[in-house]
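Here are my notes on the two-chain model, point by point. Please read them with the coordinates open.

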Amino acid sequence: MSIAAALGDVQRDNLQGSPQPQRRGRFVPYLLMLPGLLWLGVFFLVPLVTLFMMSLQTAVPGGEIGEYEQTFHFANYVEVLTDPSYYTPLFRSFVYAACATVLALLIGYPLAYFIAFKSGRFRNLFLIMVIAPFFVSFILRTIAWRQILADEGPVVAAMKWVGFFSDGIGGIYPSALAVVLGLTYNFLPFMTLPIYASLERVDPKLVEAAGDLYAPGFTGFRKVTLPLSMPGVVAGTLLTFIPAAGDYVNAALLGNSKNTMIGNRIDYAFLNTNDYPTAAVLSFVLMACILAVVLVYVRRVGTEDLL
Amino acid sequence: MARSIDVTQADGDLTLTNLTKRFGDFTAVDNLVLTVPQGSFFALLGPSGCGKTTTLRMVAGLEEPTAGSIAIGDADITYSRPYQRPVNTVFQNYALFPHLDIYENVAFGLRRRKDAEVDRKVKEALELVELHHVMRRKPGQLSGGQQQRIALARAIVNRPAVLLLDEPLGALDLKLRRQMQLELKRIQTEVGITFIHVTHDQEEAMTMADTVAVMNAGVIEQMGSPIDLYESPNTAFVANFLGQSNLLPATVTGTDGDDMLLSDADGAFRVPRARVAPGVDVSAGRRVLVGVRPEKIHAELLTMAGDAPSHGNFVEGTVASALFTGVSTQYEVATRGGDVIGVFVQNLRPGAVFDPGTAVRLSWDAGFAFILDGSEDPNAGAHVDDEAAG
């Protein structure tokens, strides 16, 4: 009797107890999302709205330089979009970023492949080496590239020795090439690490299976390893292309006036002429262009994981 | 390897000659000699680390032998690249390409070889494994059993001379495994390709294979049909690894016609001379192991038993433990002479289970016992690691 009674109690307790955790459970997912939403709000949404409001401001009549009032002057956009002097830097930004992305992919993919499959017990060491440059300031590293690419530097000397440059003419810094090389160098880890992450997940058994099914060596790579690493390639190219298109440090430090990127124009408008609305408008134009390019790219590459 | 024979078209028996593989100081496969007849279902059975997977990988071309040779028919394939050999593998955990759909997975090998009839062959292979309806799905959307069958179709569609199966059913649950065993056997009979099946599961090997080779420490302990191996094991390892055996140390006392006479602390036994494992010295006075399978032993209540059977082959003892498993009851009986004998009694009548402590008499037909070398460890192979081989 006592056992049955005890069991009955347990059951009743369970029945009473069960709805409560369920009711609490309904809010748990939202609670868990809260930190992420807050982060997005504070660090993405608020600055974006502020910047957008700024892009609609107009100068205070008779005010000082850099004094603006909040209006909704959409003509700011028309003004910028009809000014041909912005076209070349914008175009240049995308060409430089695209070149740097391709170069970074050509260097980063083999590097990631080597680390993932061939580095053996030194794998972690190589990974640290990929990240190690981050311990030195971005600006300092870029300035160091001036030395490397300078006319008296090792690269030019080597090229002269090979006979690529004759004495007197030729040089790398400052030039478009130097800017692209700088961009490539600075964003290489952003290319390498995502590719490494997706290569590392490729089961070596699949490569063996490809070899067994008449796809040895490079064919096996092309048919199995490469497709399976595409999510990493897409992530790496986006992580390289997007910041590279908006970069201005490399163009400022490794280029000359003929290598101005749109980032430099935004920088100039913000800090030199204090033309905040124009700078904000340019930022939005850049953002829209990048978004368009990225959308087309992701559609074309078509990885289901991203869209 | 300049040979006139095109290895990719090789056909015939698979022959391994003095095949050896060493990893540093460790000899994984030791001077293996083996012929697998064309069209047979052959199982390499052994505990993990016995060298069976290494042997398979050498046949597949994924591992290069340290010494020896591998041939299919007249063609030497010892050093051929994996894709050059008429050999395909069903990998452990299948290794299906996750980015390709089922159709493309099966078509993979055909497309690489520029086969002219990809579509027909792929559909035939999918028909064979009864999975044509999933051909546009990705491997991740299939159950384990379905993935297993696709892996099989992907290999078979290339019509290799030899198909290698590396622990093919290891990842499936028991029920599915039983079902797939029948399925694999059906498919093998249908396509007539030589199947070489590597497994640590003795039941799997015995139910499917025509010939089973039991491997231990890099060498083949014994090879034969499942019935031969089970009924007439040649070594203690085989006797214990395939099913269970009672191996009782005994001394040869003499002969009586075609029978050997033996004795141990529990009494006298009689075993036909034909049941002596090859190479075992059975001259009078030698120590040997008398083996009896637990299910071959008859147990009866000592109080109900009549006179001791005149043929010998009986021992008396007390039930130490009784394990009811449904189909049978498994007893451990402690004999008066100090041995522990396992006995499986089929549950023919309900409620007829002996309690521990019951005095029983065990007896068996002389022809059901076998004799092994007395120098062997009676427990060899009894408690080997049951996990999948690495």
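1. Two residues are in contact if their C-beta atoms, placed from the backbone, lie within 7 Å. By that criterion, 4 residues of domain 1 of chain A are in contact with 6 residues of domain 2 of chain A. On the domain 1 side, 3 of these residues are nonpolar and 1 is polar. No charged residue takes part on that side. The model is predicted, so please read every point here with that in mind.

2. Domain bounds in chain A. Domain 1 covers 2-55, and domain 2 covers 77-301. These bounds come from an automatic or database domain assignment.

3. Overall make-up of chain A. The chain holds 13 helices and 2 strands. Of its 307 residues, 30% count as buried. Among contacts in chain A with a separation of 6 or more, 70% join residues 24 or more positions apart.

4. The contact between the chains. Chain A supplies 15 residues and chain B supplies 16 residues. On the chain A side, two or more residues each come from helix H9 (204-212) and helix H10 (217-246). H9(A) gives the largest share, 6 residues. By class, the chain A side has 9 nonpolar, 2 polar and 4 charged residues.

5. Is A:Ser137 buried or exposed? A:Ser137 is exposed, because 10 other C-beta atoms lie within 10 Å, and the cut-off for exposed is 12 or fewer. A:Ser137 sits in the loop between helix H5 (123-131) and helix H6 (138-149) of chain A. A:Pro84 is 53 residues away from A:Ser137 along the chain, and their C-alpha atoms are separated by 35 Å.

6. Domains of chain B. Domain 1 spans 7-231 and domain 2 spans 247-373. Taken over C-alpha atoms, the centres of domain 1 and domain 2 of chain B are separated by 40 Å.

7. A sheet in chain B. This is an open sheet of 5 strands, with antiparallel pairing and the order S13-S12-S11-S14-S20. Why do strand S13 (267-272) and strand S20 (370-373) of chain B each have one side without a neighbour in the sheet? Both stand at the edges, each with a single partner strand, so one side of each is left without a neighbour. From one strand to the next, the twist averages 45 degrees.

8. One pairing within chain B. Strand S11 (residues 246-256) and strand S14 (residues 287-292) of chain B pair in the antiparallel sense over 6 bridges. B:Thr251 has B:Arg287, in S14(B), as its bridge partner.

Technical notes
Residues are numbered from 1 along each chain as its sequence is written. Chains are lettered from A and ligands numbered from 1 in the order in which they are written. This is a predicted model: local features need pLDDT of at least 70, side-chain atom pairs count only at pLDDT 80 or more; totals for chains, interfaces and linings use all residues. Helices (H or I, at least four residues) and strands (E, at least two) are DSSP runs, numbered from the N terminus. Ala, Val, Leu, Ile, Met, Phe, Trp, Tyr, Cys and Pro count as nonpolar, Asp, Glu, Lys and Arg as charged, and the others, Gly among them, as polar. A residue is buried if 20 or more other C-beta atoms lie within 10 Å of its own, exposed if 12 or fewer, and partly exposed in between; C-beta atoms are placed from the backbone. Two strands pair if DSSP finds at least two bridges between them. Axes are lines fitted to C-alpha atoms, for helices over the stretch in contact, and angles run from 0 to 180 degrees between N-to-C directions.
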